[in-house]
Amino acid sequence: MGAAAINAFGNLDTRETARREYLLLSDFGHDSKTLGKITAKQGFATNYASIDCLQNIMMALFFVLLASYGDKSATIHDWLYSGFGIVQEDGSIYYPTRKECDKVLYNALLDEGVGKFRAGLFYAGVRIGGAKHYATEAAVFIPVDTMAA
């Protein structure tokens, strides 16, 4: 893992609350090359990369190639897809397009040390199947109580 992977992300501190469901125990950030600092807030629930749908006989190879990669990148992508946006220096919130979110995922995967081929598979997956998961309206973040979880 190169220096870029270490410096592009904060510390990912989560607790598993259910099978493939995780809760952020502290704010988690990524320095995106294109959109600047993106911070997922403490109390945000993520499932990392949503690849459970690949656990069937026809898609098993893709599951094997992608499982356990890109948790940090997927958390940032989940935050953006949930409609929470990116707080700007002036306090305003920028809501990236779905395509921008997917490009952030691809570049973040590279920052995380995932190879270009594997990052490309992730990118193709969200471009093909991500539309139904993308929030088209801004959302107000209400954190899950991290002490109760």
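Predicted model: local features only at pLDDT ≥ 70, side-chain atom pairs only at ≥ 80, totals over all residues.
**Pocket, helices and a buried aspartate**

Strand 4 contributes four residues to the lining of the second largest pocket, the most of any element. Of the 18 lining residues, Thr-39, Gly-85, Ile-86, Val-87 and Gln-88 lie closest to the centre of the pocket. Two elements give two or more residues to this lining: strand 4 (36-40) and strand 6 (86-87). By class, the lining of the second largest pocket holds 11 nonpolar residues, four polar ones and three charged ones.

Now step back to the whole chain. Five helices and seven strands make up its elements. Read from the N terminus, their order is α-β-β-β-β-β-α-α-β-β-α-α. The chain has 149 residues, and 36% of them are buried.

Helix 3 comes next. The helix covers residues 71-81 and is mostly covered, with nine of its 11 residues buried. The buried set is Ser-73, Ala-74, Thr-75, Ile-76, His-77, Asp-78, Trp-79, Leu-80 and Tyr-81. After helix 3 comes Gly-83, which has a positive phi, near 90°.

Move on to helix 4, residues 98-112, where Asp-111 is found. Is Asp-111 buried or exposed? Its relative accessibility is 5%. Buried means under 20%, so Asp-111 counts as buried. The side chain of Asp-111 also has a partner: it makes a polar contact with the side chain of Lys-33, at 2.3 Å.

Start with its length. Helix 5 has 14 residues, 116-129, and at 1.5 Å a residue it should span 20 Å.

Then look at its faces. Which residues of helix 5 are buried? They are Ala-119, Leu-121, Phe-122 and Val-126. These four cover an arc of only 155° around the axis, so they sit on the same side of helix 5.

Key
Residues numbered from 1 in each chain as written. Heavy atoms only, no water. Buried < 20%, exposed > 50% of the residue type's maximum accessible area, 1.4 Å probe, protein only. Polar contact = N/O pair within 3.5 Å; in protein donor to acceptor, adjacent residues only side chain to side chain. 1 Å grid on protein atoms, 1.4 Å probe; cavity = no way out; pocket = protein on both sides within 12 Å on 5 of 7 lines; lining within 4 Å. Nonpolar A, V, L, I, M, F, W, Y, C, P; charged D, E, K, R; others polar. Expected span 1.5 Å × (residues − 1). Arc of directions from axis to C-beta.
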